[in-house]
Amino acid sequence: METTVNSQAGGSRVKKAGAVTRLIARSTLWYPLKVALLVLWKAFTWIVNILLTVLLIAMITGAVVSCAFLLYIRSNIDAEYHGLDNLRFDSSSNTTIYYTDSSGNEILMDEETLHGSENRMWVNYSDIPQDLIDAVVSIEDQRFFQHNGVDYKRTAGAVLRFFLPGGGQYGGSSITQQLIKNVSGDNEQTIQRKVQEIFRAIYVSKQFGKEEILEMYLNVIFLSQNATGVQAAAEAYFGKDVKDLTLVECAALAAIPKYPTYYDPIRNPDNNLQRRNVILTEMLNQGYISQEEFDSAYNVPLYLNTMERTTSIETGYIHSYYVDTVIDDVIAALMEQYGIDKASASRKLYSGGLQIVINMNKEIQDAMEEVFCNDSCFPEISGIKPQAAMVVADPVTGEVLGIVGGRGKKTTNRGYNLATMAKRQCGSAIKPLAVYGYGIDNGIITYATPLLDAPTINQKKSDGKITQKYWPPNSPAGYDGLMSLVDGVKHSKNTFAVRLAAMCGIENLFRHLVDNVGFTTLVESKSYNGVIKTDIALSPVALGSFTQGVTVREMAQGFTMFGNRGQVSKLRTFSMVRDSNGEMVIDNRVSKTNQAISEQSAYIMTRLLWNVVNEEGGTGYKMTHGQTKGTVGGKKVTVPGFKYLNKVEVGGKTGTTNDNRDRYFVGITPNYVGAVWFGYENNKSVSKFEYNPALRLWIEVFNRVYDKLETNGRAYKSEFDEPFGIIKVKYCTVSGKLPTDACYHDIETVTGGESCIRTGYFTAETVPTEYCDKHIMFKWDTSTQAICVDGCTCPADKVIEVAFRLIEPRKFSTNLVVTDSQFTCVDPSLIYEGYKYPTSKVRPYFFNIYEPYNKDQKSYWPGRSSKSDSFKPYNRVCIEHYHPELTSAESESSDGN
């Protein structure tokens, strides 16, 4: 029994021990689990709190950003756009044009009336082929007829591409957005502009129907070849109305807008073919054309008909170049006056019933057109005929009196105008505007200043060896040495312009041309295919080799300063624009002027330009005096000179560019300024003519202009107005100072050449007051025509005193021909005691002050007057009578060889 009890008690203890063990075991496992659960719970609640906090922050940030975006839009985005309101209005009110006759009466030019149908040849939606509409929509904006002005799918894709590496520009614009961009001209690559465009597109879509938007878009897009709108493009490429275009032709036009020049079917036919095939594929895939139509048009060659048509407008009349220019000028004025875009201004001009009074002188315009349509006024040349352009203006009023923008009969309206649109090189014609006028006005030079006609740079090869090429070259080639400013301008010396430009400062001259003279085509700094180019350099400002070139109109405008007391008159083609009721809309009767140089400086420059055509040797002398021969019809003829040289003063400046690509002449009379360009439109080199064709055209026109004045008995000014303060005095061309007796004995004068004493034009501040110190007297043997030095036994009856010209020793890398070399001398102190005179008959007396000549060309040369190795200069030693033993100098002599 006891055993049983004990057994039961032991079992109970065992059970308790097991329970305790199990409890301990459970507690050992549970605690970590509880801790783990607690940690998980804490982590969960922490994450939830973070997520809720982030969500709350995001909601707050989103609200702030949204508010900020709304405020930004409200402050910076003009969501409404009214630029299309006047683009498509219909009006039967034509714009009329009047010119003023010599009595001041306004004469209606009925044939020049502007009709609404002329405006970029606007075509109605109903006349646009369905294939063209489908082609444009399929490639430019597939969902055009479904969206509200913005294709959000394309826009989102464009934004995504923008933020991806290499994403580039936005892209993704709908046709509505492109229309707004084309009309407004706003093409900035900014987020603000893009956002504004989106809102404007939505607004425009509410104001206009889809067909109206498409009609406007197809009439304002640029399609290369100077064609704006599909009607103009249809005629430019195919010689037909847009309504007659085939499927292939429609696809070809639809291919152009993306990159007009790149997809131009004339310039880049392969590119256009590739893109129009893409368009045809899209039209097939989108169900616009059948498989049969696709097969008949895919990869089919394009047959272009670019022969110019007589006209494409209802009136059947071709406007003059002058009226074309008036149209452009009035459109620009309307844009400025009303703050409207170009398309709206254009519609207002053509269909607004305006009355435009233009500044054209009908007699001058008729004379210009007669000359430019007369092949006998041009040099005879086989093959493609060179082109030409001309602008004639009144320098005082700034009125443009005549414009011709091309050679031959004009066959199209608002085509390429070479007088106002083409930017070409003007060569030396720029020198009076850029260098000489500025230099005189700033006291850097005077009418009498002598400059050295010699190269400024000895060009070198990369290995350091000196070549025989010098810069700048002259045209014609050659250097004449020390010359007066008069002769430098007269002979159009490039060296003069370059030296003076460096003296004036290149930056100063560039700013003068832009700020004072009014050139808008010059380049301050621009990248071309990664190469930075600038016109702030010697060659552009001194020699007229500009990056882009200049227009004939700009050149004529610049030269107005010489007939308008130093003021540049902004050229004007029209004087006023009135509305249909005769009320003034734009008053343009007074020219804007800018005082570029003083009136005294302008007059002095005018006298220098007078020398160009009136003094023998001037670049315009032979032609204006009728001493030039030419070829017309295969026969040698004398080119007519300017018939009124004895009745009216004339000045001017010629210009020739490298490789004869451009020929220029700008001529001035007391009443007129006329600028002429001659060359090929594709900028290829023209022949080396026996004369300057641009000057020939100027003479032909102005002979007719003054003939008309004479015939009608109308008075004209015969002399340039001389302002107060001009002083005329004689000066020495060698020193630019008052002449001395020695100047009258200048060696060139004594030997039958030109006198170095001339009369110049000065102001009280610039008139010379000092006497010449550049002539040194020498004994000279008239029989041997050489200098008598100590030791010479020249016959007394053959010896006279002459003056040679004192110069700084010239150092050239080769024995360069500089024609005045035989008239020169050097500072007497350079002829030191014991100096050995050269005994060669072809060396100047001072030759041996240079380093001894050697065949490695490591020494310098002083220059010579002739290419001939046997030429005997006037400043050589009289070897015939020279006996060095009679002097204190060493008996050994050297001839430098």
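In helix 4, the buried residues are Ile-175, Thr-176, Gln-177, Gln-178, Leu-179, Ile-180 and Val-183. Seven of the 10 residues of this helix (residues 175–184) are thus buried, so helix 4 is largely enclosed by the rest of the structure. The model is a predicted one, with a mean pLDDT of 86 for the protein and 84% of its residues at 70 or more.

**Confidence**

- Over residues 1–5 the pLDDT is below 50, and this stretch has zero contacts in the model beyond near neighbours in sequence.
- Residues 308–315 also have pLDDT under 50. For this segment the model has 19 contacts beyond four places in sequence.
- Where pLDDT is low, the predicted coordinates should not be read in detail.

**The sheet 5-4-20-19-18**

- Five strands, in the order 5-4-20-19-18, make up an open sheet with antiparallel pairing.
- Strand 5 (400–404) and strand 18 (651–656) stand at the edges. Each has a single partner strand, so one side of each is left without a neighbour in the sheet.
- From one strand to the next, the twist of this sheet averages 10°.
- Strand 20 (residues 673–679) is joined to strand 4 (residues 387–393) by seven bridges, and the two run antiparallel. Within this pair, Val-391 stands opposite Ala-675 of strand 20.
- Strand 19 (residues 662–668) likewise pairs with strand 20 in the antiparallel sense, over seven bridges. The two strands form a hairpin with four residues between them.
- Gly-667 has Gly-674 of strand 20 as its bridge partner, and Asp-662 has Gly-679 of strand 20.
- Seven of the seven residues of strand 20 are buried, so this strand is largely enclosed by the rest of the structure.
- Both faces of strand 20 are covered. On one side Val-673, Ala-675, Trp-677 and Gly-679 are buried, and on the other Gly-674, Val-676 and Phe-678 are buried.

**The sheet 2-1-3-13-14**

- A further open sheet has five strands in the order 2-1-3-13-14, and its pairing is mixed.
- The edges are held by strand 2 (106–108) and strand 14 (584–587). Each of these has a single partner strand, so one side of each is left without a neighbour in the sheet.
- The twist of this sheet averages 25° from one strand to the next.
- Helix 11 (residues 321–338) packs on the sheet and touches strand 1, strand 3 (355–358), strand 13 (574–578) and strand 14. The direction of helix 11 makes about 105° with that of strand 14.
- Three bridges link strand 1 (residues 96–100) and strand 2 in the antiparallel sense. The bridge partner of Tyr-98 is Leu-108 in strand 2.

**Helix pairs**

- Two packed helices are described by the angle between their axes and the distance between the axes.
- The axes of helix 14 (residues 431–441) and helix 17 (residues 506–517) come within 9 Å and cross at roughly 105°. These two helices are therefore roughly perpendicular to each other.
- Helix 14 contributes Leu-433, Ala-434, Val-435 and Tyr-438 to this contact, and helix 17 contributes Asn-508, Leu-509, His-512, Leu-513 and Val-517. By class, the contact of helix 14 with helix 17 has seven nonpolar, two polar and no charged residues.
- Helix 2 (residues 130–140) and helix 9 (residues 269–285) have axes that come within 9 Å and cross at roughly 95°. That angle makes helix 2 roughly perpendicular to helix 9.
- In helix 2, Asp-131, Asp-134, Ala-135, Ser-138, Ile-139 and Glu-140 meet Arg-275, Val-278, Ile-279, Glu-282 and Met-283 of helix 9. The residues of this contact divide into five nonpolar, one polar and five charged.

**Backbone details**

- The peptide bond from Trp-471 to Pro-472 is cis, with omega near 0°. Pro-472 is found in the loop between strand 8 (466–471) and strand 9 (481–484).
- The bond from Ser-475 to Pro-476 is cis as well, with omega near 0°. Pro-476 is placed in the loop between strand 8 and strand 9.
- Asn-299, a residue other than glycine, has a positive phi near 60°. Asn-299 lies in the loop between helix 10 (291–297) and helix 11, and is partly exposed with a relative accessible area of 46%.
- Gln-785 has a positive phi of about 55° although it is not a glycine. Gln-785 lies in the loop between strand 23 (775–781) and strand 24 (786–787), and at 36% relative accessibility counts as partly exposed.

Note on methods: Residues numbered from 1 in each chain as written. Predicted model: local features only at pLDDT ≥ 70, side-chain atom pairs only at ≥ 80, totals over all residues. Heavy atoms only, no water. Axes fitted to C-alpha atoms, helices over the stretch in contact; angles between N-to-C directions. Parallel < 35°, antiparallel > 145°, perpendicular 65-115°, else oblique. Contact = heavy atoms within 4.5 Å. Nonpolar A, V, L, I, M, F, W, Y, C, P; charged D, E, K, R; others polar. pLDDT = per-residue confidence, 0-100. Pairing = 2+ DSSP bridges. Buried < 20%, exposed > 50% of the residue type's maximum accessible area, 1.4 Å probe, protein only.
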